[in-house]
Amino acid sequence: MKTISAEDFDRKFDDGEDIDDYVDWSKASRPGKEHTHFDLPNGILRQVDAEAARLGMTREALIVKWISEKLESNQRVK
């Protein structure tokens, strides 16, 4: 991996240049978001993907929406 100054990196990024040579993507993370992995049966995934496509959403966005709605519903019941 190549190294450059922060200023040069920022300039390249802002100018839309390729920065792959300066980033170790295997260590990249999204601050404030933990990555969660769980397995779902293929049949369920196909149904989720079909519903996501129908709604014009990604699979992840739809699952987050459904979980959020369920949690909100449970909070109202308590």
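How many nonpolar, polar and charged residues does the lining of the largest pocket have? The pocket, in this predicted model, is lined by seven nonpolar, three polar and six charged residues, where Ala, Val, Leu, Ile, Met, Phe, Trp, Tyr, Cys and Pro count as nonpolar, Asp, Glu, Lys and Arg as charged, and the others, Gly among them, as polar.

Residues are numbered from 1 along each chain as its sequence is written. Because the model is predicted, local features need pLDDT of at least 70 and side-chain atom pairs count only at pLDDT 80 or more, while totals for chains, interfaces and linings use all residues.

The volume of the largest pocket is about 460 Å³, and of its 16 lining residues the closest to the centre are Thr36, His37, Phe38, Glu60 and Ile63. Helix α3 gives the largest share of this lining, six residues.

Ile63 also belongs to the contact between α2 and α3 (heavy atoms within 4.5 Å), in which Leu45, Val48, Asp49, Glu51, Ala52 and Leu55 of α2 meet Arg59, Leu62, Ile63 and Trp66 of α3. Seven of the residues in this contact are nonpolar, none is polar and three are charged. The axes come within 9 Å and cross at roughly 95°, which means that α2 is roughly perpendicular to α3 (65 to 115 degrees).

| Helix | Residues |
|---|---|
| α2 | 42-55 |
| α3 | 59-77 |

Lys12, in helix α1 (residues 6-14), is buried at a relative accessible area of 16%, buried being under 20%. Beyond its neighbours within four places in sequence, Lys12 is in contact with Ile4, Glu17, Ile19 and Tyr22.

Methods: Side-chain values use heavy atoms; hydrogens and water are left out. Axes are lines fitted to C-alpha atoms, for helices over the stretch in contact, and angles run from 0 to 180 degrees between N-to-C directions. Helices (H or I, at least four residues) and strands (E, at least two) are DSSP runs, numbered from the N terminus. Angles under 35 degrees count as roughly parallel, over 145 as roughly antiparallel, 65 to 115 as roughly perpendicular and the rest as oblique. On a 1 Å grid over the protein atoms alone, a cavity is a set of points where a 1.4 Å probe fits but cannot get out, and a pocket is an open set with protein on both sides within 12 Å along at least five of seven lines; lining residues have an atom within 4 Å of a point. Grid points are joined across faces, edges and corners, and a volume is the space filled by probe spheres set on the points. Buried means under 20% relative accessible area, exposed over 50%, partly exposed in between (1.4 Å probe, protein chains only).
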